[in-house]
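Subject: Structure handover

Hello,

Here is the structure you are taking over. Please have it open while you read the notes below.

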Amino acid sequence: MREKELRLALICYGGISLAVYMHGITKEVWRLARASRAFHAREPESGGSEAVYRRLLQAMADQCGLELRVLVDILTGASAGGINAIFLADAIATGRSLEPLTDLWLEVADVDRLIDPGVSAVSRFAKAAAAMPFAWAMARRGDTVDRTVEPAHREEVRTKLANFLRARWFAPPFSGSGFTELLLGAFDAMAAGPAGPPLLPAYQPLDLFVTVTDFHGHPERLRLHSPPEVTEREHRITLSFRKEAGVECRLAEQTDLVFAARATASFPGAFPPFQAGELDAVLAKQHRSWPGRETFLARVLPRHAAIGDAESAVLIDGSVLANAPFRPAIAALRRRPARREVDRRFVYIDPKPGARAMRSAESGRQEPPGFFATIFGALSDIPREQPIRDNLEAIEGRSARIRRLTRIVEAMRPEVEAAIERAFGTTIFLLRPTAKRLAGWRARAHLLAARGAGFAYAGYGQLKLSNVVEEIADALFRLSGEGDRARHERLRQKIWDAVRARGLTDPNMVASAGATPEMILFLRSFDLSYRVRRLRFLTRRLSAMEEPDDAPRQALRGAREAAYDFLARYQAAAEGAAASPAFADPEAAPERALEALAALLDLKRIDDAADERMAGILAEFPKAERRSLILAYLGFPFYDIATLPLLQGEGLDEFDPVKVDRISPEDATAIREGGSAATLKGIQFNSFGAFFSRAYRENDYLWGRLHGADRLVDIVVSALPEGMHLAPGLVATLKRDIFRAILAEEKERLTAVQPLFEELAREVG
């Protein structure tokens, strides 16, 4: 059975009240992840949409010989999308259920619950003059409620809109502390609900990023030629959370996640800006503590913490400057572990593609915008609605470089293998591999590659040295407690000074004849990336060997498990340790810090264990397969010399090109076409519509689940290798079954949209 992982990096856009729709989608993502974990654990089958996802995975195994695992290991979000990313990440890390969150979205995400209780009468003209979102809607020609709301729900919306317009003036209508209390309640409900195992295997880390806007900004120092340094104010903040591989712990403290959710969704004009004191006050009112408060604030607001005003930082909605946070997800791809073939997807959720979140004028008007429309468009529409072309180009550029590497390696292979056979002779493939022989062969092959590369080897060696030194600086920065960019730069310079003092930057340290003993010792102590690249290269060759029917399956499985096991050990050596007193002040004593880091990594011990294990495994292969693997193992220096300058290590973790998929109403057309206009209600009132009607929230949540299931089935099926297909009509049947399962699950809960169930039953068939 061919094994493969479909890894999803989920990017959740902002969408104001369309957060309810996105909750429906993320709930299906959660159910797919649960179904995949239970399927591979051979647990009893559950019901609902999870049962259909399991049928799909089983069909892929039975009909195509593909054992597919679906993992969600990177999540990013802004504003409403940030809230959904946070709750989904917590559910993945802890195994908690998202079901309690659904009731809270339907019950609590209502204008009557969100509105600040301190209200006072104010004229409609005053509201319109300041261009508050709903005033814009009400100020248009005609009665917006009559034109956009179904007759059955007009009275409810009118009543709540009247309450909203009576909210006190010159202050946001929604309560910040009330919002914080709702978020705390949501986490409490999840914690009190049923929980199962985490939805990621122990070897896989989980990364969460949400964007926030620092209203006043914080100073950032930039290095120039002249003047040597300038200071600018930075307003973009990305709050990051990480659950390390193999670590049994939560993603973060509940209070830290509430901080992030409240800050990222502090929509300007609707909610007041967020400050840490608001959360302090709510926690004090509820007699709760905030574990690790000072450490958390110093980590997420380092510039403010450095000058002692982290508590005064004013944070507003993350979608103001970064509504589509692809960049942190791309950065998180580095050093992802891989136990089997990986199909990496970036899946972004856009609830209404092409439609603006805030509209100060009727769509379709062609005349130039007026004074206020220009200002409000510049402040709200344009930054928030920037296309993601730059992000997609960055992903495609990375994928193109990986494809180029694959072509280079394949083109080099005949010549490299011939060179090794000329140098070692064919008798090498007849000898029984031992750990000592492997180490000797490896050193000889590296020297052979260096001499064959000629003058190019000097550049390769300097690039390796530079990469290793930068990685050392990053590791010591983390192990010593981190800090700001200025501290990282000072530490980096100190490490380079120590390396120069050892004479390692002398050009004679790496020449066409090979590296000097001093350089070899340094790289053996610190060059973790080379080991990782070599093992990943070997796993690629192992994957290619799995195709023939007569391949030695048991030996291949053992070799693959060993390779991934030692990949995990190498990565744990670099990332597993926490801040330690041994690294308290590496700037003051960089040599001592280097010695302590070398002892912590202890790479020779792992190398020796890897050689011993690999020698035993190679001995289990028949001659032909053993020859192929030995040629790949010994040939790696040749390939690395050619490809490291091209990629500088990028893409050698998951290796394959990244694909991008979108989930939106425009893409999920198996039930109904027409996009968001034909399905969603929350798009009304400048995307605040679902806050005004439970029926709207129920409608959007149900469509979110249906659209999510529709697209997720497509994405899972697309993971099939080229040339493989499921039985004709099976995908359509599975989609129909999953739609029916969702409708059956939700019919009793969603009492305000019962006519919709009748419509959908007819459309689904």
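Predicted model: local features only at pLDDT ≥ 70, side-chain atom pairs only at ≥ 80, totals over all residues.

Residues are numbered from 1 along each chain as its sequence is written, and side-chain values use heavy atoms, with hydrogens and water left out.

Cores

A nonpolar core here is a set of buried Ala, Val, Leu, Ile, Met, Phe, Trp, Tyr and Cys residues joined through side-chain atoms within 4.5 Å. Buried means under 20% relative accessible area, exposed means over 50%, and partly exposed is in between (1.4 Å probe, protein chains only). The largest nonpolar core has 127 residues, and Leu 75, Leu 208 and Phe 259 touch the most other members. Apart from it lies another core, of 77 residues, which includes Leu 504, Phe 537, Leu 594 and Ile 606. Leaving aside neighbours within four places in sequence, Leu 75 is in contact (heavy atoms within 4.5 Å) with residues including Leu 10, Ala 85, Ile 92 and Leu 208.

Aromatic rings

Rings of Phe, Tyr and Trp (its six-membered ring) pair if their centres lie within 6.5 Å; planes under 30 degrees apart count as stacked, over 60 as edge-to-face and the rest as tilted. The structure holds 14 aromatic pairs. In one of them, the ring centres of Phe 259 and Phe 274 are 5.0 Å apart and the planes are at 80 degrees, so the pair is edge-to-face. This pair links distant parts of the chain, 15 residues apart: Phe 259 is in helix H11 (residues 254-264), and Phe 274 is in the loop between H11 and helix H12 (276-285). Helices (H or I, at least four residues) and strands (E, at least two) are DSSP runs, numbered from the N terminus. Phe 259 is buried, at a relative accessible area of 1%, and Phe 274 is buried with a value of 1%.

Phe 259 also forms an edge-to-face pair with Phe 296, at 5.2 Å centre to centre and 85 degrees between the planes. Here Phe 259 in H11 is linked to Phe 296 in helix H13 (residues 293-300), 37 residues away. Ring pairs join Phe 241, Phe 259, Phe 274, Trp 290 and Phe 296 into a cluster.

A charge sits over a ring if NZ of Lys or CZ of Arg is within 6 Å of the ring centre and within 35 degrees of the ring normal. The charged end of Arg 299 sits over the ring of Phe 241, 5.5 Å from its centre. Lys 464 lies over the face of Tyr 530, 4.1 Å from the ring centre.

Strands

Strand E6 (residues 341-349) has eight of its nine residues buried, so it is largely enclosed by the rest of the structure. Two strands pair if DSSP finds at least two bridges between them. Strand E1 (residues 2-12) runs parallel to E6 and is joined to it by nine bridges, with Leu 6 opposite Asp 343. E6 also pairs in the parallel sense with strand E9 (residues 659-663), over five bridges, where Phe 346 stands opposite Val 660.

Backbone

Most residues other than glycine have a negative phi. Arg 42 has a positive phi of about 55 degrees although it is not a glycine. Arg 42 lies in the loop between helix H1 (19-40) and helix H2 (48-64) and is exposed, with a relative accessible area of 57%. Asp 602 has a positive phi of about 50 degrees. Asp 602 is in the loop between helix H24 (590-601) and helix H25 (603-618), and counts as partly exposed at 30% relative accessibility.

Regards
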